[in-house]
Amino acid sequence: MDGLDLQPVWLTIQLAVLTTSVLLVVGTPLAWWLAHTRSRFKVPLEAVTALPLVLPPTVLGFYLLILLGANGTLGAPWQALTGQPLAFSFAGLVVASCVYSLPFVVQPLQAAFEGLDRYAIEASWTLGASRSRSFLTVVLPQARRGLLTAIVLGFAHTMGEFGVVLMVGGNIPGRTQVVSIAIFEHVEAMDYAAAEQLSIGLLILSFAVLFVVYGVNRRWHAKAATA
Amino acid sequence: MKLDKWIKSFVFIAALIGVGQARAGEVRVAVAANFTAAMKEIAAAFEKSSGHHVVLSFGERRPKALESAGTAVARSRFTYAVGKLVLWSPKPGVVDDKGEVLKHGKFARLAIANPRTAPYGAAARQVLEHLKLWDSLQPRIVRGESIAQTHQFVATDNAELGFVALSQVMKTGGGSSWIVPQALYTPIRQQAVLLVRGKDNTAAHALIAYLKSDAGAVVIKRFGYGTE
């Protein structure tokens, strides 16, 4: 083996960070709406949000392959706009990962928003706070543990993604070859040493991320208890 | 492992496992995914002519590895089919019958199977290297983890063309294709072995004989494979 290629690790981290960020932007309003609406669309939308939990990655990957394709609902306008195909691109992976990890971000946020103290929020309004100000100063601090869970789960789930990327990635080094795919390829090629090194790296990295996050969470919890 | 060694040790039907039974025998066969359709037809014809019962399961082992591990009967390994590589597009008029499209075509994506893990991918790489296009086409190559996935990339329009197996193209039909001359790549031999567990199973021996027979070869060829 000639030096371990760390490119897939970098790519995976970039994908996880970007996917989590996009999902926070898209998922927060969705979770807020789901937590407070009385609309008759609430239940069907909740079901749709949870679908990626239930469907096997092969089903998601298959639909995404069609959706992202040159004639697909997403792929065709993307190609018209950028001149590049969406499938087999990093952007395509971000789209796929957002679909795949959606429930892992939305569900903890929704639970956190549902558990909010309504009176505190309304009190902040009566004290003249704008909606955005009260969201930042009252809602987010109360919901921060749910927010943290959403970030951790969204990030972790994207890091560990395999089936969907295998279906829509095309295994291009530097563009779509994430760690899980690189490990799979090493195993298939019977290069167990390389597979093991990447696996151990991923294991340590994942543990470190979770350890830090849960450490922070515990300190917040302790603070909240003493406050 | 070396490329050509890979292709030679390439596997497909792998295991012929005998299950001891009186009278009409039963033979269990593990078949590689790509040979599934052909094997179903062969099994049906074999059952009709011999009275034996064939149980197919899908999954592959490497016959050569089985042989050296002592799980397979020594010297029972044989080539039952030779896979043929084809450059294919689901659209008519895209691929010409000399493969010139590779040099001049305006395509964004060319799908091949992963040369490191899939025999058809290794063959595709050899062809592109032969044509001195391997380096220049790199930015446009996408890799499927199996030949089935590679076909899927092309069939869903995510890649305009790809190197797939002739057996896949014969099944779906249509489009345009170039059957790559055998001189451009090492033959993709699909091999079978008799497992030690089945060495006294007459049904297993009969099925092997059937696979090697002219009747078997007719079916194998019709599904887009060559024979040796």
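**Notebook: chains A and B of a predicted model**

I began with strand 6 of chain B, which is joined to strand 8 (residues 161-165) of that chain by two bridges, the two strands running parallel. In this pairing, Leu110(B) has Leu161(B) in strand 8 as its bridge partner. I note here that the model is predicted.

Next I looked up strand 7 (residues 141-144) of chain B. Strand 6 is joined to strand 7 by four bridges, and these two run parallel. Here I picked out Ala111(B), whose bridge partner in strand 7 is Val142(B).

Which way do the residues of strand 6 (residues 110-113) point? I found Leu110(B) and Ile112(B) on one side, with Ala111(B) and Ala113(B) pointing the other way. All four of these residues are buried.

I stayed in chain B and went to Asp157(B), which lies in the loop between helix 7 (147-155) and strand 8. I looked up its backbone angle: Asp157(B) is not a glycine, yet its phi is positive, about 70°. Most residues other than glycine have a negative phi. Is Asp157(B) buried or partly exposed? I put Asp157(B) down as partly exposed, because its relative accessibility is 23% and buried means under 20%.

**Entry: Phe88 of chain A**

Phe88(A) sits in the loop between helix 4 (75-82) and helix 5 (90-114) of chain A. Its relative accessible area is 1%, so I recorded Phe88(A) as buried.

**Entry: the interface**

I looked up how much area the two chains bury. Chain A and chain B bury about 1900 Å² between them, and 50% of that is on carbon and sulfur atoms.

Chain A gives 24 residues to the contact and chain B gives 19.

I went on to the charged pairs. The rule finds three salt bridges across the interface of chain A and chain B. One of the residues named above, Glu185(A), has its side chain in a salt bridge with that of Arg116(B), at 2.9 Å from N to O.

Which elements of chain A give two or more residues to the side that touches chain B? I listed helix 3 (57-68), helix 8 (163-168) and helix 9 (179-188). Helix 9 gives the most, with four residues. Sorted by class, this side of chain A has 14 nonpolar, six polar and four charged residues.

**Entry: His157 of chain A**

Last I looked up His157(A), which is in helix 7 (residues 131-159) of chain A. I wrote His157(A) down as buried, because its relative accessibility is 18%, and the cut-off for buried is under 20%.

What does His157(A) touch, leaving aside its neighbours within four places in sequence? I found Tyr100(A), Ser101(A) and Phe104(A) in contact with His157(A). With Ser101(A) there is also a polar contact of 3.3 Å between the side chains.

Terms used:
Residues numbered from 1 in each chain as written. Chains lettered and ligands numbered in written order. Predicted model: local features only at pLDDT ≥ 70, side-chain atom pairs only at ≥ 80, totals over all residues. Heavy atoms only, no water. Contact = heavy atoms within 4.5 Å. Buried area = accessible area lost by both parts, 1.4 Å probe. Salt bridge = Lys/Arg side-chain N within 4 Å of Asp/Glu carboxyl O. Nonpolar A, V, L, I, M, F, W, Y, C, P; charged D, E, K, R; others polar. Buried < 20%, exposed > 50% of the residue type's maximum accessible area, 1.4 Å probe, protein only. Pairing = 2+ DSSP bridges. Polar contact = N/O pair within 3.5 Å; in protein donor to acceptor, adjacent residues only side chain to side chain.
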